[in-house]
Amino acid sequence: MAWRVFMTKLEFQKACLDAGIQLSEEQMNQFEKYMNLLVEWNEKMNLTAITSEEEIWEKHFFDSIMPFSNIQFKTMCDIGSGAGFPGIPVKIAFPNVQMTLVEPLQKRCRFLNEVKTQLCINDLAILNVRAEDLAKEKRECFDVVSARAVAKLSILLELCVPFVKMQGTMVA
């Protein structure tokens, strides 16, 4: 059986740079603080099964950011944000993006609000609502809409596409 070695903090930073995303010391500190909050809160509530540092750098942070590295966008909505993936890593990597996280579970919204406060993130809305209910008032409002591990693709399309602006992008 082959053992997989996951990413260290420095490997994450270098891989981002190789993809054209230069992360400042402040951004790297935000990622570290986010990781610490994730591990801490995960002990109290089930946020993620991935809790080792190297796996978090790769599977949660790097994998969240990479699909957006070649997209030009100003607004993004993350449907079913859960513990904040991919929305929070994208917001840290691209701080000028106006980010909206949609999460129906109140306890996860409490976690997301704590992350927002601790990381001093601006232009981040956290909405405790179901996507189906929000679609009525936020149709075609976002340049990019994303969802990660929410539902089968057919259902995901029904949930996400109403939020995408004309000429916008959906990342599943």
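Tutor: The second largest pocket is lined by Ser24, Glu26, Gln27, Gln30, Lys91, Ile92, Pro95, Cys120, Ile121, Asn122 and Asp123. On a 1 Å grid over the protein atoms alone, a pocket is an open set of points where a 1.4 Å probe fits, with protein on both sides within 12 Å along at least five of seven lines, and lining residues have an atom within 4 Å of a point. This is a predicted model, in which local features need pLDDT of at least 70, side-chain atom pairs count only at pLDDT 80 or more, and totals for chains, interfaces and linings use all residues. Residues are numbered from 1 along each chain as its sequence is written, and side-chain values use heavy atoms, without hydrogens and water.

Student: Which helix supplies the largest share of the lining of the second largest pocket?

Tutor: Helix 2 does, with three residues. Helices here are DSSP runs (H or I, at least four residues), numbered from the N terminus.

Student: How are two packed helices described?

Tutor: One gives the angle between their axes and the distance between the axes. Here the axes of helix 1 (residues 9-18) and helix 3 (residues 53-65) come within 11 Å and cross at roughly 15 degrees. Helix 1 is therefore roughly parallel to helix 3 (angles under 35 degrees, on a scale from 0 to 180 degrees between N-to-C directions).

Student: Which residues make the contact?

Tutor: Lys9, Phe12, Ala15 and Cys16 of helix 1 meet Trp57, Phe61, Phe62 and Ile65 of helix 3, where contact means heavy atoms within 4.5 Å.

Methods
Helix = DSSP H or I, 4+ residues; strand = E, 2+ residues; numbered from the N terminus. Parallel < 35°, antiparallel > 145°, perpendicular 65-115°, else oblique.
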